[in-house]
Amino acid sequence: MKVNHKLFGVAALFFIGVLQACNHASNKELLQSFSAIDSRGKVISLPQEAKRVVVLFPSLLDELYMLQAGDCIVGIPQQVYQMEDTYAFLSKLDKRIAEKTIATPTYGGQSNNVESIVALQPDLVITFNTDQDNIQQLEDLGIPVYSCSSADDERILAELLGMGILVGKKERAQEIVTYVEAEVERMRVPEIDDAKSVYYAWSKGRVMSTSGKGSLIDMAIRLSGAENACPLSMEAPNISAETMYKWNPDLIILWNSKLSDVYDLKELADLPAVKNKQVYVMSPSFPFDPHTVKFLLFAKQVRHWCFPVYTEEQLNQETEEAFEIMYGKEGLL
């Protein structure tokens with residue numbers, strides 16, 4: 001009997017060991033399935049899909065709704081309730097936005113309240129990598145942070161996939177990425193010798209700030225078939241009126257600004273693009289947000305302004321089709 005007890009004990013230990021090994025393998029597999037690399041090159045791993053997410057920038061919130069992950073959102077940037085276009089559109093996707101009942105642990109622009117974020121008990125925070133102070137504080141408190149850069153088209157697509165993995169919407173993210181990649185490939189055209197030059201003025205009326213070579217906006221302008229009027233290899237150069245006259249762009253385009261921001265500037269009154277009324281504003285701004293996969297629509301809008309053969313009817317039709325695919329719903333525009 002003593003021998004039998006010993007045999008039983010050995011067998012039990014073996015069985016328990018097998019179970020532990022299986023659990024370990026299962027946990028490891030689960031951990032890997034909810035891991036993504038963020039804009040810092042850091043691997044963000046969650047034990048399961050995120051169920052309570054705080055998003056600190058409107059563009060990133062927009063992409064979570066594209067992923068159809070609205071149910072996991074517990075905190076959003078305050079600007080969403082203040083930006084007319086964004087608020088009107090997202091209200092169609094989430095009743096809580098329309099009723100302004102989702103918590104806003106931010107003040108105005110990029111000022112976040114860490115205590116308010118922690119109080120929401122998020123299992124994931126999504127923000128831009130420029131938000132370094134908050135990222136460090138939140139990670140010191142043990143809260144996973146997935147940072148994005150939206151630096152270019154490749155980063156935007158990779159970051160959307162990363163968010164999709166972390167919120168359990170990997171297939172939905174891949175669906176959007178596949179569509180955008182195909183459209184980008186379809187839009188590519190050989191370099192045009194006499195391509196129109198386009199000057200992009202930064203949002204909120206910052207006319208003398210622009211985007212240089214290698215930037216996200218530069219990519220979108222080139223995708224349209226036009227040329228970026230700014231020859232500088234800088235992310236966000238500030239220029240003078242004299243420099244604007246020297247560059248002499250064919251078009252000036254605005255996003256989240258007003259035409260009067262340009263036409264009211266006396267120092268630009270003699271610029272040919274201004275005199276010839278070649279200043280355009282993307283309005284409403286929400287459908288053309290270049291910080292998301294909608295950089296595709298930004299490029300299509302610029303193409304329409306630069307190449308009349310690409311008609312307004314085509315632009316509207318393709319914009320409507322893109323929205324149906326990006327948000328997975330019809331009739332949103």
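Predicted model: local features only at pLDDT ≥ 70, side-chain atom pairs only at ≥ 80, totals over all residues.
Me: Which values of phi are found at Lys204 and Lys277?

Reply: Lys204 is not a glycine, yet its phi is positive, about 60 degrees. Lys277, also a residue other than glycine, has a positive phi near 60 degrees. Lys204 belongs to the loop between strand S9 (197–201) and H10, and Lys277 to the loop between helix H13 (272–275) and S12.

Me: Why does Lys277 count as exposed?

Reply: A residue is buried under 20% relative accessible area, exposed over 50%, and partly exposed in between (1.4 Å probe, protein chains only). Lys277 has 54% relative accessibility, and therefore counts as exposed. Lys204, with a relative accessible area of 67%, is exposed as well.

Me: Why is Asn316 called partly exposed?

Reply: Asn316, a residue of helix H15, has 44% relative accessibility and so counts as partly exposed.

Me: What makes Asp218 a buried residue, and what does it touch?

Reply: Asp218 has a relative accessible area of 3%, and is therefore buried. Asp218 is in helix H10. Contact means heavy atoms within 4.5 Å; leaving aside residues up to four places away in sequence, Asp218 touches Gly212, Lys213 and Asn228.

Me: How do you know that the buried residues of H9 line one face of the helix?

Reply: The buried residues of H9 are Arg172, Ala173, Ile176, Val177, Tyr179, Val180, Glu183, Val184 and Met187. Seen down the helix axis, they fall within an arc of 165 degrees, so they line one face of H9. The arc is that of the directions from the helix axis to the C-beta atoms. On the other side of H9, Lys170, Glu171 and Glu185 are exposed. What covers the buried residues of H9 includes helices H2 (58–66) and H8 (153–166).

Me: What puts the buried residues of H7 on the same side of that helix?

Reply: In helix H7 (residues 132–140), Asn134, Ile135 and Leu138 are the buried residues. Their arc around the axis is only 100 degrees, which puts them on the same side of H7. The face turned away from that buried side carries the exposed residues Asp133 and Asp140.

Me: Why is the pair of Phe89 and Phe323 called edge-to-face?

Reply: Rings of Phe, Tyr and Trp (its six-membered ring) pair if their centres lie within 6.5 Å; planes under 30 degrees apart count as stacked, over 60 as edge-to-face and the rest as tilted. The centres of the Phe89 and Phe323 rings are 5.4 Å apart and the planes stand at 85 degrees, so the pair is edge-to-face. The pair links helix H4 (residues 84–93), which holds Phe89, with helix H15, which holds Phe323; the two are 234 residues apart. Both Phe89 and Phe323 are buried.

Me: What makes the pair of Tyr280 and Trp305 stacked?

Reply: Tyr280 and Trp305 have 25 degrees between their planes and 4.8 Å centre to centre, and the pair is stacked. Tyr280 is in strand S12 (residues 279–282) and Trp305 in helix H14, 25 residues apart. Trp305 has 14% relative accessibility, and so counts as buried.

Me: How do you know that Lys277 lies over the face of Tyr263?

Reply: A charge sits over a ring if NZ of Lys or CZ of Arg is within 6 Å of the ring centre and within 35 degrees of the ring normal. Lys277 is at 4.5 Å from the ring centre of Tyr263 and lies over its face. Likewise, the charged end of Lys100 sits over the ring of Tyr87, 5.1 Å from its centre.

Technical notes
Residues numbered from 1 in each chain as written. Heavy atoms only, no water. Helix = DSSP H or I, 4+ residues; strand = E, 2+ residues; numbered from the N terminus.
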